[in-house]
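Work through the following exercises with the sequence and the model beside you, and try each task before reading its solution.

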Amino acid sequence: MTAVVRLGTQGWSYPDWHGVFYPPGAKQEDRLPFYAAVFDTVELDTTFYGPPKPTIARSWARHTPPHFRFAAKLPREITHDALLRDSAAPLTEFVTSLEPLGDKLGPLLVQMPAEFARDAGSERALELFLAGRPAHVRYAVEFRHPSWHAPDVADRLRHHGAAVAWTEWRQLARWPEITADFLYLRWLGDREDIEHYDEVQIDRTPSFDRWQAELEPVLGRVREIYGYFNNHWAGHSPASANEMKRRLGLPAVDPRERWPQGELF
């Protein structure tokens with residue numbers, strides 16, 4: 001293995017994790033420091049709803065160790081409302097809001113809605129958006145319409161150094177193309193299938209097997225791998241992230257081993 005592999009979850013602030021992942025009695029301000037003692041990366045879902053305040057971003061940076069990385073989902077204003085068009089101003093605002101993270105900022109996820117189908121207009125919008133990427137950020141693009149899964153689209157992403165998000169989501173076929181020096185992986189589920197997040201409720205062994213077989217051969221072909229599990233995929237995303245870490249030969253931290261002995265938080 002040559003790639004630096006970072007696996008974590010999508011978000012960290014879930015009440016259902018208390019007493020299972022977080023120690024009983026843990027306070028809200030304890031969550032991120034504890035999470036960062038178990039995993040070395042997280043995907044920010046809150047940024048989908050708008051840029052964080054500078055005080056919030058500084059707090060994220062302050063409560064995580066130097067090796068920690070934050071991936072951030074682009075605001076829906078850019079991806080879902082504008083469909084990437086005329087987005088220079090909100091993009092600048094968003095990237096500026098993440099500056100307090102410094103070197104802890106990982107890739108930005110460009111999650112496009114399923115209705116973003118490929119045509120002449122959307123192709124131009126994507127090209128202009130990729131060409132306008134700020135020099136110090138990296139993009140991972142998630143296409144939820146299969147019309148984008150084509151060799152020339154992969155070449156376009158490769159030209160701009162943007163990664164294809166390898167995503168498991170509903171019936172959408174995964175598109176395991178390597179178009180950058182890093183991979184971005186996402187494990188999503190159906191909200192109707194999972195009602196609580198305190199335990200694994202769906203056996204994902206066959207899917208784990210497929211992912212492991214797909215990832216092991218490419219570990220030497222990229223510099224970094226970022227991967228994030230959603231609670232709706234199997235029921236309890238920390239357990240899923242640790243299972244994939246073990247399968248790839250990475251050390252997995254049992255969160256209960258980090259629980260304080262004696263006094264609680």
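The structure is a predicted model, in which local features need pLDDT of at least 70 and side-chain atom pairs count only at pLDDT 80 or more, while totals for chains, interfaces and linings use all residues. Residues are numbered from 1 along each chain as its sequence is written, and side-chain values use heavy atoms, with hydrogens and water left out.

**Exercise 1. Find the residues that Leu108 touches, leaving aside its neighbours within four places in sequence.**

Begin with the criterion, which is that contact means heavy atoms within 4.5 Å. Applied to Leu108, this gives Ala72, Leu74, Phe94, Val95, Leu98, Val137, Arg138, Tyr139 and Ala140.

**Exercise 2. Describe how the axes of helix α5 and helix α6 cross.**

First locate the two helices (DSSP runs of H or I with at least four residues, numbered from the N terminus): α5 covers residues 120-131 and α6 covers residues 151-160. Their axes come within 10 Å and cross at roughly 20°. Because angles under 35 degrees count as roughly parallel, α5 is roughly parallel to α6.

Then list the residues that make the contact, which are Glu123, Leu126, Glu127, Leu130 and Ala131 of α5 with Arg156, Leu157 and His160 of α6. Sorted by type, these residues divide into four nonpolar, one polar and three charged; here Ala, Val, Leu, Ile, Met, Phe, Trp, Tyr, Cys and Pro count as nonpolar, Asp, Glu, Lys and Arg as charged, and the others, Gly among them, as polar.

**Exercise 3. Is Asn242 buried or exposed?**

Recall the limits: buried means under 20% relative accessible area, exposed over 50%, and partly exposed in between (1.4 Å probe, protein chains only). Asn242 lies in helix α9 (residues 237-247), and with a relative accessible area of 7% it is buried. Not counting residues up to four places away in sequence, Asn242 touches Phe39, Ala252, Val253 and Pro255.

Conventions: Axes are lines fitted to C-alpha atoms, for helices over the stretch in contact, and angles run from 0 to 180 degrees between N-to-C directions. Angles under 35 degrees count as roughly parallel, over 145 as roughly antiparallel, 65 to 115 as roughly perpendicular and the rest as oblique.
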